[in-house]
Amino acid sequence: MRNPRPQPVDYKLAVRQDSLLADVRAAFKTTLETQPSRELVFYDTFDWRLYKRRESLRGCLQSGKTQVFWDRWDGTSVGSIQLENRLRFAWDLPPGEFREAITPVIEMRRLFPVLEIRSQLRLLSILDGREKTVARLSLERRQIREPGTRKWKIVSPAAVRALPVRGYVKAFQELTDLLERLGLQRSDIGPDQEALRLIQPEAGQYSSKLQIHLDPSERSDQATKLILQQLLKTMLANEEGTWGDWDSEFLHDFRVACRRTRSALTQIKGVFRAPAVDKFRKGFKWLGDVTGPARDLDVYLLKIEGYRQTLPTSARADLNPLIEFLKRRRRAEQKVLARALQSSRYQKLIRDWNRFLEDPVPHRSSLKKAQRPIQEVASKRIWRSFRRVVKKGLAITPESPAEALHQVRIDCKKLRYLLEFFRSLYDPSELKQLIRSLKELQDCLGDFNDLEVQQESLRRFGGEMFREGVATDSTLISMGQLIDQLERLQGKEREKFVDRFGAFAHPSNQERCQTLFGGK
Amino acid sequence: MKALAAYNIKGGVGKTATVVNLAYLSAREGNNTLIWDLDPQGAASFYFRIKPKVKGGARKLLARRLGVGDHIRGTDYERLDLLPADFSYRHLDLLLDHQKRPKQELGRLLKALNDEYEFIFVDCSPGITLLSEAVFRAADVLLVPTIPTTLSLRTLRQLGKHLKGKKRAPLILPFFSMVDRRKSMHREISRTAMAPYPFLQTQVPFSSLVERMGLAREPIMRYAPKSVPSRAYQSLWEEIRFQPTVRDSSLKTK
């Protein structure tokens, strides 16, 4: 629609607040209001989901309740909600459209306070002949601090914002013209974003994706260390959230970094000495094993709601004992996990690993591949891995056991990791199609495998719950129905595999890979 | 977005005061709120010092050549906007009659504002016309300020009967307005007529303080925040706010 909601304009304050006020009051008819000081808290997820969308979540304590505002950086609002308790997870919010809108954005991630502001606002209303407010100027003195700390930083200069009133375009123009004549410069980011960047210099930067830029002529051992260093960084970033159980994704990102590390050590052969590689492979395998059960339980708990919906309404409550059982197990596994991550074994692993990665590579290495350019080593490995997936995939028939598909899944994973490590060495547009078809193939195989695993687990849980005496007949029957359902879904995935593999192993893809990686 | 219309076939029952005060409370709470002044008298517009003038008049509004957004004015209060009345609205129902689907026109205009506001309060003109029918169809809730007399209850019953069985009838929320406890009929009716109508618990008393809104030109929470009528409106808003139909305010994200 034309004339949508007008947007405020932020300025950098270059003159003293009081003289600015005086100048504006001299030019227009005005009233001034000093608002009581208030405290605001900004929230975001660990991976800055709101920041990355150029949005913010701001909580304001008002008469015992918290009013939460969800705004875009340009000043327009997405929505707001009143809360009685703390803002943590999407599912803690009262049901309604706010929750429905924010859930796909933050999903299962926890919201943390990222910035606290103590603000004193002076609001100058510009009036017309009828005493109607036609524009506003807000001058805000603020103190900011990092949540959890005591000290407030005074932010200078103060924040100046010209606020339009809808439908009074000329008045706003006159105000902004005056401000510019007085020497104020427009600011391209809002004061909230500026404050956030002061308190959280790494705002918006965390990503669980591997973002590494390799030089194709770099030595393979050095290049591999760069990859591993970034993976270690990701692990360490997620460490505290993992043993602190802040949300399920810390553990997930931690484990993925761990898995990629193992994969790199295994697949990029011949660049490091075998004893070192063995030692660290064992270490990371231990880490994977000790964190595995907790992650598996997280996956179930995340999925269980969806599964519950597939059961007839009368049977849905029957799954509650299962959910309780899983939650109890999860709590127990968390204790095991937390102990492991605070153990001296873990500390030593990380220390040694860090030292290994920081040690400079030997000037001359006895290992064949260590000094070869990474482009060469990477391409060889990828080509080999690709051929393997194609070979194994072509051997699959409708009679092949589930284990055979499982193997293809593992080979696909190996290929995928390699492509992720070495992405920067190849033309992105060429890789795009390959990665996309690989991803679709993996999704299908992943679902197939998940369904297999979950059927087994449900059978196992059933047995364990029975022995613990917490399984009622109706619960077991519902779980049985669930198992049947899962088996049926698994059959569908197998059919999907044929199509997806066909797309992946298509001659055009094979040619492309030959060109990119097969080389001479 | 939820549209709440203050409606009563009778005039002078407190429709405008209801709209102005509840909309203010809604905005203060943090909801983007719009008041649509559909009454050619333009009282709501007057209270907010906004000229009751719509460029091109009612005809242009319906023709949508300019778009509804162009007519909206911000009030003096954050998150509270107003779509002013125009004297030409006295012809609105005639103009609507010429449209292809007259009763859906209003709904269409409201829908254009779906993304921008959580609540739209409509100040209706008294009487029952094609315009009123259009409001019935487009609104989610009909707030019916009712003076506690037998005739008022009869009118309410007529309204209930009229809307029964209509598809897309709004939720009817009647409440007692301008209650004068010195009058025995007011006392009796406001006490006993709660059932079988789904009257809201809160009753708004008659008060000269509310009449002063025309002088103060502000919602009553601004110039007499602790007064009895001010508290009554706050309690009224709380009650309305948590009705299931109203509770979920609509959000649009990208």
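How many aromatic pairs does the structure hold over all chains? The count is 29 aromatic pairs over all chains. The model is predicted, and every value below is computed from it.

## Aromatic pairs

One of these pairs lies in chain A, where A:Trp353 and A:Phe356 are stacked, with 5.6 Å from centre to centre and 10° between the planes. The two residues stand about one helical turn from each other, because they are three residues apart in helix H10 (residues 344-358) of chain A. A:Trp353 is buried at a relative accessible area of 0%. A:Phe356 has a relative accessible area of 16% and therefore also falls under the 20% limit for a buried residue.

A pair in chain B has another geometry. The ring centres of B:Phe119 and B:Trp237 lie 5.4 Å apart, and because their planes meet at 85°, over the limit of 60 degrees, the pair is edge-to-face. B:Phe119 is buried, with a relative accessible area of 0%. B:Trp237 is likewise counted as buried, at 2% relative accessibility.

## Charges over rings and a ring cluster

In chain A, ring pairs connect A:Phe46, A:Phe112, A:Tyr206, A:Trp246 and A:Phe250 into a cluster. One member of this cluster, A:Phe250, also has the charged end of A:Arg109 over its ring. Chain B provides a further arrangement of this kind, with the charged end of B:Arg217 over the ring of B:Phe46. The distances to the ring centres are tabulated here.

| Charged residue | Ring residue | Distance from charged end to ring centre |
|---|---|---|
| A:Arg109 | A:Phe250 | 4.8 Å |
| B:Arg217 | B:Phe46 | 4.1 Å |

## Chain B as a whole

Chain B contains 13 helices and seven strands. Of its 254 residues, 57% are buried. Among the contacts in chain B with a separation of 6 or more, 79% are between residues 24 or more positions apart.

Conventions
Residues numbered from 1 in each chain as written. Chains lettered and ligands numbered in written order. Predicted model: local features only at pLDDT ≥ 70, side-chain atom pairs only at ≥ 80, totals over all residues. Heavy atoms only, no water. Helix = DSSP H or I, 4+ residues; strand = E, 2+ residues; numbered from the N terminus. Buried < 20%, exposed > 50% of the residue type's maximum accessible area, 1.4 Å probe, protein only. Contact = heavy atoms within 4.5 Å. Phe/Tyr/Trp six-rings, centres within 6.5 Å; stacked < 30°, edge-to-face > 60°. Lys NZ or Arg CZ within 6 Å of the ring centre and 35° of its normal.
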